[in-house]
Amino acid sequence: MTDIGYLNGQFAPLEEIKISPDDRGFLFGDGVYEVIRAYHGVPAFWGEHFARLVRSAREIQLAFSLEQTDFQRLLLSGLQRSGYQEGKIYIQVTRGVAPREHAFPSKGEPTVFLSFRKMVALPMEVSQGGVSVITCPDIRWDRCDIKSLNLLPNVLAKQKAREAKAFEAIFVREGWVSEGATSNIFAVKDGVIITPERNHFVLAGVTQQQVVTLARAKGMDVQFRPISISDLLQSEEVFLVGTTIEVLPVIQINGEPVRDGTPGPITTTLQKQFGAYVSDLTLS
Ligand SMILES: Cc1ncc(COP(=O)(O)O)c(C=O)c1O
């Protein structure tokens, strides 16, 4: 088993992949990306990730021609070469290689890069015991719906969280909670499951949508609506979701316990449901 890379049509061991210093992804963060998790060799929700990748590329006027079936073939081929059953697939598409000038190059092909690595899941005591988070100002731009390579505010926020010995930083914009630096957020208030509506300040999370669908299928009340910071701090339960973390209980915000500082029953139920769903995924 080995880490595999793919660059513009060629697979190779990941450490052998070379990217030009003139790549606009490197110079400007001029590109988009996705992360897909593979469970027992099955890339989860790959169609949803592909749709978001295509949308992100379109929103930044990046012409990118990869058919959905070719994309799936690429994922399966890379996974097979890597030998990983539990995999983390990173996909990045940039505006290609050109001399450094801000405006788009008149010609040139996009760079399509993928990596296939082993997925290292969170330790059980973290995923079941829950995590601490901090809140921080959302200093990002107003197109957070695009999964762009420009992640500096997320990087700085995540570092702030790490320095505070917290797992995640929750962005707050003018008193409203948007999402985590690398996750979407849910709160439970009066028994209703709430997650911020999808707009230009929030990434439309694939896991977020899946959790909403699973919860509604169980008859739970789920609403996309704004969460104020004061609502968040008084929530009965809080949890994060994302491709690599799945459903993760939050037990502390800014040093204050959520509930009694232990994961709540709705969170635990959804976590189990999500786990059962992905463990049953098959290639389709
Ligand atoms: C800012 C942000 N929000 C939300 C998510 C969760 O999205 P998904 O569930 O599609 O992985 C991520 C994942 O990387 C993210 O970076």
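Hi everyone, let me start at the ligand: the shell around it has 4 nonpolar, 8 polar and 1 charged residues. Here nonpolar means Ala, Val, Leu, Ile, Met, Phe, Trp, Tyr, Cys and Pro, charged means Asp, Glu, Lys and Arg, and the others, Gly among them, count as polar.

Two quick notes on the model. This is a predicted model, where local features need pLDDT of at least 70, side-chain atom pairs count only at pLDDT 80 or more, and totals for chains, interfaces and linings use all residues. Residues are numbered from 1 along each chain as its sequence is written.

Back to the ligand. Of the 13 residues around it, the nearest are Gly205, Val206, Thr207, Gly242 and Thr243; a residue is near if its C-beta atom, placed from the backbone, lies within 6 Å of the molecule. Helix H6 (206-217) and strand E14 (237-242) are the elements that give two or more residues to this shell. The biggest giver is H6, with 3 residues. Helices (H or I, at least four residues) and strands (E, at least two) are DSSP runs, numbered from the N terminus.

Now the whole chain. We have 8 helices and 16 strands. The radius of gyration, taken over C-alpha atoms, is 19 Å, close to the 19 Å from the globule rule for 284 residues, so the chain is as compact as a globular protein of that length. That rule is 2.2 Å times the number of residues to the power 0.38. Along its principal axes, the C-alpha trace spans about 55 × 40 × 35 Å.

Next, the open sheet. Its 6 strands pair antiparallel in the order E2-E1-E6-E5-E3-E4, where pairing takes at least two DSSP bridges between two strands. At the edges sit E2 (10-13) and E4 (42-43), each pairing on one side only. Further in, E3 (residues 31-39) and E5 (residues 87-94) run antiparallel, joined by 8 bridges.

E10 (residues 184-189) and E11 (residues 192-195) pair in the antiparallel sense over 3 bridges. They form a hairpin with 2 residues between them, and aspartate 190 in the turn has a positive phi of about 50°. Lysine 189 has valine 192 in E11 as its bridge partner. E11 also pairs with E12 (residues 222-224), this time in the parallel sense, over 3 bridges. There, isoleucine 193 stands opposite valine 222 in E12.
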